[in-house]
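Have the structure open and follow along.

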Amino acid sequence: CFSAAIEALPNGLKKHIQRVRVEAQVLAASHCLDESRVDLAAATHDICRALKPRDLLSEARYRGLKINVVEERNPMLLHGPVGAARLRDELGVSDIDIIQAVHWHTTAAPDLHPLGKAVFLADKLDPLKADRYPFLEEVRGLALESLDQGMLAFLQREIRRLLALGYDPHPATLDARDVLLG
């Protein structure tokens, strides 16, 4: 049932998912994580990414998900939470670490399980995102040593990038950074 959901996605998104799966496997191996669980989360992280913003808002409301001001302004941020709800409710995934990895793969969150950190980082480390995130190689090197250090380096730079562009960072992104700073 997962493969059908993934196969229905646009080609560019399927290629992105494949690149994320590769990055996630490298991180899983580096940090002794269960590679099959990491792969399932990486493979399904963007199952709702092709939905239109208004459809994401509508489905998030229908599912009773809390929507904050940042998500209201940028509904695409809801593709993780909506995808996680679909995994749980429609595709029968009961592994909370996988569900949380999909839910938070865009924004991060405080106290993410290492599986979630690996998927978050793998999504950002897609080589085709290097134009948006010119600091990826530094983050990759840190992430191979420590998921927390990789996340902190990414989040600090991403928060600065968003603020410079005039966007508000997601509250969970700020919280995740603050927890990682200790």
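Let's begin with a pair of helices: α6 and α7 are roughly antiparallel to each other, since angles over 145° count that way and their axes cross at roughly 155°. Keep in mind that this is a predicted model. The two axes come within 7 Å, with α6 covering residues 79-89 and α7 covering residues 96-103. On the α6 side, the contact uses Gly 80, Pro 81, Gly 83, Ala 84, Leu 87 and Arg 88. Facing them from α7 are Ile 98, Ile 99, Val 102 and His 103. By type, the residues of this contact split into six nonpolar, three polar and one charged.

Another pair worth a look is α2 and α9, whose axes come within 8 Å and cross at roughly 35°. Here α2 brings Glu 23, Val 26, Leu 27 and Ser 30, while α9 brings Arg 140, Ala 143 and Leu 144. That contact divides into four nonpolar, one polar and two charged residues.

Here are the two pairs side by side:

| Helix pair | Axes come within | Crossing angle |
|---|---|---|
| α6 and α7 | 7 Å | roughly 155° |
| α2 and α9 | 8 Å | roughly 35° |

Now for the interior. In soluble globular proteins, nonpolar side chains tend to be buried together. In this model, the largest nonpolar core has 48 residues. Leu 27 and Leu 121 have the most contacts inside that core.

What does Leu 27 touch, leaving aside its neighbours within four places in sequence? Its partners are Ala 118, Leu 121, Ala 122, Leu 125, Ala 143, Leu 144 and Leu 147.

On to α10, which has 18 residues and reaches 26 Å from its first C-alpha to its last, close to the 26 Å expected at 1.5 Å a residue. Its buried residues are Leu 147, Gly 150, Met 151, Leu 152, Ala 153, Phe 154, Leu 155, Glu 158, Ile 159 and Leu 162. They pack against α2, α8, α9 and α11 (171-181). After α10 comes Gly 166, with a positive phi near 85°.

In α11 you'll find Leu 181. Not counting residues up to four places away in sequence, Leu 181 touches Leu 152 and Gln 156. From Leu 181 to Ser 36 is 30 Å, C-alpha to C-alpha, and the two are 145 residues apart in sequence.

Two more spots deserve a click. Cys 48 sits in the loop between α3 and α4. Is Cys 48 buried or exposed? Its relative accessibility is 1%, so Cys 48 counts as buried. Leaving aside neighbours within four places in sequence, Cys 48 is in contact with Leu 56, His 79, Val 82, Gly 83 and Arg 86.

Glu 59 counts as buried because its relative accessibility is 12%, and the cut-off for buried is under 20%. With neighbours within four places in sequence left aside, Glu 59 is in contact with Leu 51, Val 82 and Arg 86.

Methods: Residues numbered from 1 in each chain as written. Predicted model: local features only at pLDDT ≥ 70, side-chain atom pairs only at ≥ 80, totals over all residues. Heavy atoms only, no water. Axes fitted to C-alpha atoms, helices over the stretch in contact; angles between N-to-C directions. Helix = DSSP H or I, 4+ residues; strand = E, 2+ residues; numbered from the N terminus. Parallel < 35°, antiparallel > 145°, perpendicular 65-115°, else oblique. Contact = heavy atoms within 4.5 Å. Nonpolar A, V, L, I, M, F, W, Y, C, P; charged D, E, K, R; others polar. Core = buried A, V, L, I, M, F, W, Y, C linked by side-chain atoms within 4.5 Å. Buried < 20%, exposed > 50% of the residue type's maximum accessible area, 1.4 Å probe, protein only. Expected span 1.5 Å × (residues − 1).
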